[in-house]
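Visitor: I am new to this structure. Please show me how to read its features, one at a time.
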Amino acid sequence: MNGRTVGFIGLGIMGVPMATNLVRAGFDVVVWARTAGPVDELIAAGARSAPDAAGVFEAAETVVLMMRDEAGSDAVLSRGADGFGERVADHTVVQMGTFSPEYSVRLAAEVEASGGRYVEAPVSGSRIPAENATLVGLLAGPAEALGHVAPVVESMCAQTFRCGDIPAALTMKLVVNTFLITMVTGLAETFHVAECVGADTAVLRDVLAASPMASAVSRGKADKVVDQDFSPQAAIADVLKNAHLAEGVARAAGASHPLLIASRALYEEAVVAGNGQLDMIGVVTALSDHRAAPHRAPDGGAE
């Protein structure tokens, strides 16, 4: 054990393996969650538990937040309440969730005004990279604070990149997500078309894996489609949230983003159909639902 205590709040699909890797790296990890299961899993791995979010801040100077949304982040920080300043004073808050850049700018200012330090550290990757400590970390904040948290973030990531001042890390994450979301949507469409024309999807998987387009993501998602295994590594509902955030950044910058718009619409359809907890490649179900609807030719007639 290296003697440094690190708090971790946000024990979801990615948070549990990320916190586990901190334990494996020798940190004294203190965790809390509203449900007992993830906490018990971390205790079994060697972490300690706190009775509440305030207890995590009492135990650790550096606290990692991997919350699903902004409301959850505000709740554990007691933001907007009298206890916020006391909670974050003399602490380093490492925000690893994916939120809007505007939210992060406001939160950073409030943390710093209360005598704390704030670092953006969103990650690129899903559950398996989180388990293998091969996430890609994107960092933004003051240089001193980045140096302070570097050993913590590097214990969960294969590579880290300093992006600049806040909110540059979140902006970079949303740009990266634009590629991820449109790529996986395109892969889902590829398998959907293959199935419709009668192509062997197992052979298609092997062809794509051998092609110049192949990546760890494309191989893993292709396996999921062929095996019909839609257990979540990155759930459709979470990807939809990120798609909305990425669209917001593009819209604010005046950037065209037609592929992202089309992809987001499909993820919305999948959520409305009750498939929000499937893995993101499960968006293929939304494409399958389109088969019954007539397609329109450019002249307005049915094809």
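Visitor: What volume does the second largest pocket have?

Guide: Start with the general idea. Rolling a probe the size of a water molecule over the atoms shows where empty space is left. Now the case here, which is a predicted model. The second largest pocket has a volume of about 210 Å³.

Visitor: Which residues line the second largest pocket?

Guide: The lining is made of Phe 179, Met 183, Gly 186, Leu 187, Thr 190, Leu 208, Ser 211, Met 213, Ala 214 and Ser 218. Helix α9 gives the largest share, five residues. By class, six are nonpolar, four are polar and none is charged.

Visitor: How much space lies in the largest pocket?

Guide: The largest pocket holds about 1,200 Å³. It is lined by 47 residues, and the closest to its centre are Met 14, Met 66, Gly 125, Gln 233 and Ala 234.

Visitor: Which elements each supply at least two residues of that lining?

Guide: They are β7 (123-124), α7 (127-132), α9 (168-197), α11 (216-227) and α12 (236-253). Helix α9 has the largest share here, with eight residues.

Visitor: How does the lining of the largest pocket divide by class?

Guide: There are 25 nonpolar, 16 polar and six charged residues.

Visitor: Let us turn to α9. Is Ala 194, for one, buried or exposed?

Guide: Read the relative accessibility. Under 20% counts as buried. Ala 194 lies in helix α9. Ala 194 is at 8%, so it counts as buried.

Visitor: What does Ala 194 touch beyond four places in sequence?

Guide: Ala 194 touches Ala 199, Thr 201 and Leu 204. Take Leu 204. It is 10 residues from Ala 194 in sequence, and the two C-alpha atoms are 7.9 Å apart.

Visitor: Where is Asn 177 found, and what does Asn 177 touch?

Guide: Asn 177 is also a residue of helix α9. Its relative accessible area is 4%, so Asn 177 is buried. Leaving out residues up to four places away in sequence, Asn 177 touches Thr 98 and Asn 242.

Visitor: Now nonpolar cores. How many residues does the largest one have?

Guide: The general idea comes before the count. In soluble globular proteins, nonpolar side chains tend to be buried together. In this model the largest nonpolar core has 33 residues. Phe 8, Leu 11, Met 18 and Met 96 have the most contacts inside it. At least two core residues come from each of β1 (5-9), α1 (15-24), β2 (28-32), α2 (36-45), β8 (135-140) and α8 (143-154). There is also a second, separate core of 28 residues, which includes Ala 222, Leu 245, Ile 281 and Ala 286.

Visitor: What is Phe 8 in contact with, apart from neighbours within four places in sequence?

Guide: The partners of Phe 8 include Gly 15, Met 18, Ala 19, Leu 22, Trp 32, Val 56, Met 66 and Met 156.

Visitor: Where is Met 156 placed?

Guide: Met 156 sits in the loop between α8 and β9. Met 156 has a relative accessible area of 0%, so it is buried. Beyond four places in sequence, Met 156 touches Phe 8, Met 18, Leu 22, Met 96, Ala 133, Thr 134 and Leu 135. Met 156 and Ala 19 are 137 residues apart along the chain, with 8.1 Å between their C-alpha atoms.

Visitor: Which side chain makes a polar contact with that of Ser 73?

Guide: The side chain of Gln 95 does, at 3.0 Å. Ser 73 belongs to helix α4 (residues 70-77). Ser 73 is buried, because its relative accessible area is 0%. Other contacts of Ser 73 include Leu 65, Met 67, Phe 99, Tyr 103 and Leu 107.

Visitor: Last, the backbone. Which residues does a cis peptide bond join?

Guide: Look at omega. The cis bond joins Ile 166 and Pro 167, with omega about 15°. Pro 167 lies in the loop between β9 (157-164) and α9.

Visitor: What is the phi of Gln 228?

Guide: The phi of Gln 228 is positive, about 55°, although Gln 228 is not a glycine. Gln 228 is in the loop between α11 and α12. With a relative accessible area of 54%, Gln 228 is exposed. Ala 133 also has a positive phi, near 55°. Its place is the loop between α7 and β8.

Terms used
Residues are numbered from 1 along each chain as its sequence is written. This is a predicted model: local features need pLDDT of at least 70, side-chain atom pairs count only at pLDDT 80 or more; totals for chains, interfaces and linings use all residues. Side-chain values use heavy atoms; hydrogens and water are left out. On a 1 Å grid over the protein atoms alone, a cavity is a set of points where a 1.4 Å probe fits but cannot get out, and a pocket is an open set with protein on both sides within 12 Å along at least five of seven lines; lining residues have an atom within 4 Å of a point. Grid points are joined across faces, edges and corners, and a volume is the space filled by probe spheres set on the points. Helices (H or I, at least four residues) and strands (E, at least two) are DSSP runs, numbered from the N terminus. Ala, Val, Leu, Ile, Met, Phe, Trp, Tyr, Cys and Pro count as nonpolar, Asp, Glu, Lys and Arg as charged, and the others, Gly among them, as polar. A nonpolar core is a set of buried Ala, Val, Leu, Ile, Met, Phe, Trp, Tyr and Cys residues joined through side-chain atoms within 4.5 Å. Buried means under 20% relative accessible area, exposed over 50%, partly exposed in between (1.4 Å probe, protein chains only). Contact means heavy atoms within 4.5 Å. A polar contact is a pair of N or O atoms within 3.5 Å; within protein, one must be able to donate a hydrogen and the other to accept it, and residues adjacent in sequence count only if both atoms are side-chain atoms.
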